[in-house]
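Here is a short briefing on one protein structure. Keep the sequence and the 3D view side by side as you read.

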Amino acid sequence: MATTASFIIVSRNDIPIYEAEVGSATKREDAAQLHQFVLHAALDIVQDLAWTTSAMFLKNIDRFNDLVVSVYVTAGHILFIY
């Protein structure tokens, strides 16, 4: 079974800079919106974790059904969420 993945780059002020969805699975009509919703919902968790840990890669910070969210936080607090 092929899957799709969503990728978002978010600025320091929580403004989305770039969004992409990659993969070859047959898409449901609402799959893109579901992925975006899950990624944006994880922003609150990221904001809390980014200030309490020195790690730049935060693996499996949120989960919804079979969707798992991981984040890479740069030194300038730019977020790479996938």
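The model is predicted.

**Strand pairs**

- β1 and β2 run antiparallel and are joined by seven bridges. In this pair, Ala5 stands opposite Val22 of β2.
- β1 and β2 also form a hairpin, with five residues between the two strands. Asp14 sits in the turn and has a positive phi of about 60 degrees.
- β1 pairs with β5 as well, in the antiparallel sense, over three bridges. Here Val10 has Leu79 in β5 as its bridge partner.
- β3 pairs with β4, residues 67-73, over five bridges, again in the antiparallel sense. Look for Phe57, whose bridge partner in β4 is Tyr72.

**Helix α2**

- α2 covers residues 43-52.
- Which residues of α2 are buried? They include Leu43, Val46 and Ala50.
- Why do these three belong to the same side of α2? They cover an arc of only 50 degrees around the axis, so they share one side of the helix.
- On the other side of α2, Asp44, Asp48 and Thr52 are exposed.

**Val71, a residue in β4**

- Val71 is found in strand β4. Is this residue buried or exposed? Its relative accessibility is 0%, so Val71 counts as buried.
- Which residues does Val71 touch, leaving out those up to four places away in sequence? The contacts are Val46, Met56, Phe57, Leu58, Ile61, Leu79, Phe80 and Ile81.
- One of these contacts, Val46, is a buried residue of α2. Another, Phe57, is the bridge partner of Tyr72 in β4.
- Val71 and Ile8 are 63 residues apart in sequence. In space, their C-alpha atoms are 9.6 Å apart.

**Ser11, a residue in a loop**

- Ser11 lies in the loop between β1 and β2.
- Ser11 has a relative accessible area of 13%, and it is buried because the cut-off is under 20%.
- Leaving out residues up to four places away in sequence, Ser11 touches Ile17, His77 and Ile78.

**The second largest pocket**

- Rolling a probe the size of a water molecule over the atoms shows where empty space is left.
- The second largest pocket holds about 190 Å³ of space.
- Which element gives the largest share of its lining? β4 does, with four residues.
- β1, α1 (31-41) and β4 each supply at least two lining residues.
- The lining residues include Thr4, Ala5 and Ser6. Also among them are His35, Val38 and Leu39. Leu67, Val68, Val69, Ser70 and Tyr82 line the pocket too.

Methods. Residues numbered from 1 in each chain as written. Predicted model: local features only at pLDDT ≥ 70, side-chain atom pairs only at ≥ 80, totals over all residues. Heavy atoms only, no water. Buried < 20%, exposed > 50% of the residue type's maximum accessible area, 1.4 Å probe, protein only. Arc of directions from axis to C-beta. Pairing = 2+ DSSP bridges. Contact = heavy atoms within 4.5 Å. 1 Å grid on protein atoms, 1.4 Å probe; cavity = no way out; pocket = protein on both sides within 12 Å on 5 of 7 lines; lining within 4 Å. Points joined across faces, edges and corners; volume = space filled by probe spheres on them.
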